[in-house]
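Subject: Structure handover

Hello,

Here is the structure for your records.

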Amino acid sequence: MVLTELGTKIIESLKKNQGAKPEHYIETTTQICKALEEANVSTDIIKIFKRNVLKKSIGSKKDTKINMQKIVVNELIEMLDPKTKPAFHPIRGRSNIIMFVGLQGAGKTTTIGKYANYYRKRGWTVGLVCADTFRAGAFDQLKQNAVKVHVPFYGSYEEKDPVKVASNGVSHFKSKAFEIIIVDTSGRHRQEKALFDEMANIRKVVKPHEIVFTLDATIGQAAFDQAKAFQQEVDIGSCVITKMDGAQGGGGALSAVAASGSPISFIGDGEKFDDFKKFSAEGFVSQLLGMGDIHGLIERFEASAIDEKQLIKSTTKMMEGDFTLRDLKTQLEALSGMGSFSKILEMIPGMQEMLNIRANPDDPTQTVSSQMTYKFAQMDRVLKSMSKPELDSKTVFTEESRIKRIAHGSGIKQEDVTQFMHSFKAMMAMFKKMGKNGGLMQMMKQMTSGAAGGGMPGMPKGMGGMPGMGGMDPAAMMAQMQQMMGGMGGMPRGKGGKMPNMAQMQQMLASGQAKMPKGMGGGGGLGGMMKMLGSMMGGGK
Ligand SMILES: Nc1nc2c(ncn2[C@@H]2O[C@H](COP(=O)(O)OP(=O)(O)OP(=O)(O)O)[C@@H](O)[C@H]2O)c(=O)[nH]1
């Protein structure tokens, strides 16, 4: 079972059994354990989870108001937390040497590209050294990755001794005072003496500050033995678990590594260089259960090359109902600078359930998420094809000649560009109207103030409200929602192509109590805005 399915099953079990009798707790726990089993989590780990959940629910005599959700969330975190945090943190002003090890095909070279990208975006100088002389084409692959993430590389086509290449490469970047020097080592198909000897020899020479073990999530529970073996042989500092996107064994691998006690520094969840995030058990469980990962979102926001002043200005203008297409463009650029669009959306508290809603009843691959990603890319192209005066215009233009030119430049159908302009016009009018009543900010505040006391009671700080369980006033919210969506085509459709019901609508709007960072327009800001922007290019295509 893939992780998104696991998350959905746990949410369903929690929602279904909201009773307070022991049989309810037992039923919920049994259902969740079954889902964990299907997600390849080992029976020993599940046994511990079950024992703890039941002890804290039916076994608790002191607590009269049992909060099953809180117990389950805490136990999931406990299950996925290796209890040891990665000890290594790069230090500014010195050359931090990081050596990557792992079996062949685990995703090491790709992960090195992601790791380099992660630190480069945060202002570090990064250099890559290819000491994998074993696999033909390894140097070329590393070179390609280095070029894509804009960092220099070092390697040799002639030198076959990996120890020499590693040593020369590290000296090369050290002499230039690079802050992060990453050494790629070769993999083997299985754990074997030759592999460990080679790693030990490279290690002796380059003296790394950190050894990162790259591990493939698809191996599931076998991750336990692999992590232990590498820990013993090369004394790894932390693990990166790759291929967590859709991996059948993802749950098994993650829980197994946690059980092995190896610290997990990052997880890779896609083939793109931005599909990489710092691991925290809290953030992971939060996102698994559709509650977003606000810390991860803030981290991405801070690392992106966003012109914060410009973003604050455009957000303020939007909130006040006085904005142009350029402001919209600024908002979209801010989003795309944060990485893969669908991954960003998933991190926003309260968004996930809405994102998983089917956008087209006949096509299971078309979800609100895939549709929004597609529409945002279209919107981006339309905006990029506009002239400066068009972007700064205070009035919305719909002249055929302009629309034709923009359609041609963006490769988007003329009727879609027209629809975009009409939607933008409606949006402007609506924001203006709202501006008189305190603006979007005021509305967002009203909409989320109820949720602040609601959400999932007792959730760890930073974890947004459980969709559909918030304490908003549904009637007021529905009225606001209808007002907002009036005139804007493409309202996401629920199953069977129907309008979402009240519960779904609530899920769509619940933005949790988590505070957005500066520039994201706290109290719903960017998250709320994105929900609305998502409807601008029209619906189900
Ligand atoms: N879906 C997905 N694919 C990934 C991820 N990380 C790596 N891959 C893919 O996994 C495959 C193997 O990755 P490599 O980086 O070549 O593996 P490697 O461990 O360097 O291989 P060796 O150099 O032979 O040891 C490639 O097709 C990558 O695109 C991930 O997080 N998600």
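Both faces of strand S6 are covered: Ser238, Val240 and Thr242 are buried on one side, and Cys239 and Ile241 are buried on the other. Please keep in mind that this is a predicted model. S6 spans residues 238–242, and five of its five residues are buried.

S6 pairs with two strands. Strand S5 (residues 210–216) runs parallel to S6 and is joined to it by five bridges; aspartate 216 has threonine 242 in S6 as its bridge partner. Between S5 and S6 the chain passes through helix H9 (residues 223–234), giving a right-handed β-α-β crossover. Strand S7 (residues 264–268) also pairs with S6 in the parallel sense, over three bridges, with isoleucine 241 opposite isoleucine 267.

Six of its six residues are buried, so S2 is largely enclosed by the rest of the structure. Val126, Leu128 and Cys130 lie on one side of S2, with Gly127, Val129 and Ala131 on the other.

S2 runs parallel to strand S4 (residues 180–185), with six bridges between them, and cysteine 130 stands opposite aspartate 184. Two bridges join S2 to strand S3 (residues 153–154), also in parallel, where valine 129 stands opposite tyrosine 154.

Regards

Technical notes. Residues are numbered from 1 along each chain as its sequence is written. This is a predicted model: local features need pLDDT of at least 70, side-chain atom pairs count only at pLDDT 80 or more; totals for chains, interfaces and linings use all residues. A residue is buried if 20 or more other C-beta atoms lie within 10 Å of its own, exposed if 12 or fewer, and partly exposed in between; C-beta atoms are placed from the backbone. Helices (H or I, at least four residues) and strands (E, at least two) are DSSP runs, numbered from the N terminus. Two strands pair if DSSP finds at least two bridges between them. A crossover is right-handed if, with the strands pointing away from the viewer, the path from the first strand over the helix to the second runs clockwise.
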